[in-house]
Amino acid sequence: MELGAFSISLGVKDLAKSKAFYEALGFNQFAGNEDHKYLIMKNGETLVGLFEGMFEGPMLTFNPGWDQSAGELPSFEDVRDIKAKLKAVGLEIQNEGGGDSGPGSFMVIDPDGYPVLIDQHR
């Protein structure tokens, strides 16, 4: 199963403080918008999403169709195909979004309670 780009998404209390912390670790702002209360920070191929007030705790995020620099992959496994495979093995699908094609998303929860977001943007 090809899940695409990987990042950890963190629910943060203070976006500016979190940004400064990750910059001290060598990360740079890669995407996002401070006015919209989220930033994607990058260090090499490592991505950390900072989201103020959107959710609590950590969430694993995969983006089908993207490489680690948000470049479009020429071919990829569609989010709906991934969802069907996970349903077939008995995983409970949550927070489904999107239509029959194009952008779409869903979540599954790992055995320890960590959310895993599969979020296709194209």
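Modeller: E34 is partly exposed, with a relative accessible area of 38%. Keep in mind that this is a predicted model. The partner of E34 is K19: the two form a salt bridge, and their closest N and O atoms are 3.1 Å apart. K19 belongs to helix α1 (residues 15-24), while E34 is in the loop between β2 (28-33) and β3 (38-43), so this pair links distant parts of the chain, 15 residues apart.

Overall, the count comes to seven salt bridges.

One more pair is worth a look. The side chains of R122 and E72 meet in a salt bridge of 3.3 Å, N to O. R122 lies in the segment after β8 (115-120) and E72 in the loop between β5 (58-63) and α2 (79-88), so the pair ties together parts that are 50 residues apart in sequence. R122 is partly exposed at 25%, but E72 counts as exposed, with 58% relative accessibility.

Since R122 comes after β8, let's step back into that strand. Six of the six residues of β8 are buried, so the strand is largely enclosed by the rest of the structure. P115, L117 and D119 point one way from β8, while V116, I118 and Q120 point the other way.

And what does β8 pair with? On the β5 side, the two strands run parallel and are joined by three bridges, with L60 standing opposite V116. Strand β7 (residues 104-109) pairs with β8 too, this time in the antiparallel sense over six bridges. There, F106 stands opposite I118. The hairpin of β7 and β8 has five residues between the strands, and in it G113 takes a positive phi near 95°.

Note on methods: Residues are numbered from 1 along each chain as its sequence is written. This is a predicted model: local features need pLDDT of at least 70, side-chain atom pairs count only at pLDDT 80 or more; totals for chains, interfaces and linings use all residues. Side-chain values use heavy atoms; hydrogens and water are left out. A salt bridge is a side-chain nitrogen of Lys or Arg within 4 Å of a carboxyl oxygen of Asp or Glu. Helices (H or I, at least four residues) and strands (E, at least two) are DSSP runs, numbered from the N terminus. Buried means under 20% relative accessible area, exposed over 50%, partly exposed in between (1.4 Å probe, protein chains only). Two strands pair if DSSP finds at least two bridges between them.
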